[in-house]
Amino acid sequence: MNNVAVILAAGSGTRMKSDKSKLLLEINGKTVIERTVKAFSNISEVDEIIVVIRESDLNEFEKHLSKYDLSYCFGGATRQESVMNAVETIDECDLIIIHDGARPLVTEKEITDTVNKAKETGAAAVGVTPKDTIKIVDENLQIVGTPDRSNLISIRTPQVFDFSQYLKAVDLAKKQGKDFTDDCRLVENLGRKVNVVIGEYTNIKITTPEDIPMAESILKMRGEK
């Protein structure tokens with residue numbers, strides 16, 4: 001099989017309140033993006049890595065990722081466009097593995113388990129059960145409902161799909177004029193079921209300043225000095 005990992009790293013990261021890409025911030029001496037790429041480079045089921053970046057970040061990314069065998073493409077106006085920019089560079093692929101570059105603490109087990117589940121079923125994504133009670137609110141932030149937590153999953157990445165089915169899902173979304181912020185939703189729109197692989201709560205997304213010390217604490221818990 002030929003499986004391609006698409007790592008999305010083209011976001012502006014305005015909530016991080018940094019003058020540079022949050023993917024270039026350091027966690028215990030290594031940039032966020034290097035930790036993410038390293039996790040995928042260690043997986044035998046991953047044959048190719050494409051990192052989707054902003055054109056203005058190319059030199060910095062090349063400097064930090066020079067030792068890894070990967071390619072780059074530039075992001076689009078939306079997440080869906082960014083993934084498609086990567087897809088257009090792929091010659092041959094069995095499974096497409098889509099991951100947020102801002103999730104540097106993803107484990108090799110999460111990646112491997114999700115890839116294996118997608119091999120069996122055609123579509124799989126990492127998720128965790130919510131720890132909090134979830135409420136539905138109206139436009140006035142008044143609670144109007146409480147979904148059963150036992151039926152809820154917080155979806156994360158990686159998300160892995162049969163490549164041919166993913167392309168069909170993209171074509172359908174284009175015809176419908178839809179642009180999805182989640183690749184699972186894109187494939188669900190095709191009528192396909194997506195299987196959930198229960199992952200780790202530590203697979204956090206680096207979004208705001210407090211996420212950096214949280215990530216460092218997780219690494220310390222894992223034994224990294």
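Start by selecting C93, which is buried, with a relative accessible area of 13%. Here buried means under 20% relative accessible area, exposed over 50%, and partly exposed in between, with a 1.4 Å probe and protein chains only. The model on screen is predicted: local features need pLDDT of at least 70, side-chain atom pairs count only at pLDDT 80 or more, and totals for chains, interfaces and linings use all residues. Residues are numbered from 1 along each chain as its sequence is written, and side-chain values use heavy atoms, leaving out hydrogens and water.

**The cysteines**

C184 counts as buried, at 3% relative accessibility. The structure as a whole holds zero disulfides, a disulfide being a pair of cysteine sulfur atoms within 2.5 Å.

**Salt bridges**

Next, show the charged side chains. Side chains of opposite charge can pair when their charged atoms come close. How many salt bridges does a search of the whole structure find? The search finds 10, counting a side-chain nitrogen of Lys or Arg within 4 Å of a carboxyl oxygen of Asp or Glu.

Select R54 and D57. These two form a salt bridge, with 2.9 Å between the closest N and O atoms. R54 is partly exposed, at a relative accessible area of 26%, while D57 counts as buried at 8%.

Go on to helix α2 (residues 58-64), where K63 and E60 lie three residues apart, about one turn of the helix. Helices (H or I, at least four residues) and strands (E, at least two) are DSSP runs, numbered from the N terminus. The closest N and O atoms of the K63 and E60 salt bridge are 3.3 Å apart. K63 is exposed, with a relative accessible area of 53%, and E60 is partly exposed, with 34%.

Helix α4 (residues 108-121) holds E120 and K117, also three residues apart, about one turn of the helix. Their salt bridge has its closest N and O atoms 3.7 Å apart. E120 is exposed at 61% relative accessible area, and K117 is partly exposed at 28%. Then select R79, D100, R103, D183 and K205 together: salt bridges that share partners join these residues into one network.

**Inside helix α4**

Return to helix α4 and pick I111. Is I111 buried or exposed? At 0% relative accessibility, I111 counts as buried. Draw a C-alpha to C-alpha distance from I111 to V126: it reads 8.3 Å, although the two are 15 residues apart in sequence.

**A charge over a ring**

Select Y201 and K131. K131 lies over the face of Y201, at 4.3 Å from the ring centre. A charge sits over a ring if NZ of Lys or CZ of Arg is within 6 Å of the ring centre and within 35 degrees of the ring normal.

**Backbone stops**

Most residues other than glycine have a negative phi, and most peptide bonds are trans. Which form does the peptide bond from T157 to P158 take? That bond is cis, with omega near 20°, and P158 lies in strand β10 (residues 154-162).

Move to N28, in the loop between β2 (26-27) and β3 (30-31). N28 is not a glycine, yet its phi is positive, near 55°. N28 is partly exposed, with a relative accessible area of 32%.

A further positive phi, about 60°, belongs to L141, which is not a glycine. L141 is found in the loop between β8 and β9 (143-145) and counts as exposed, at 69% relative accessibility.

The last stop is I134, in the loop between β7 (123-128) and β8 (136-137). I134 counts as partly exposed, at 34% relative accessibility. Its C-alpha atom is separated by 8.4 Å from that of D148, 14 residues apart along the chain.
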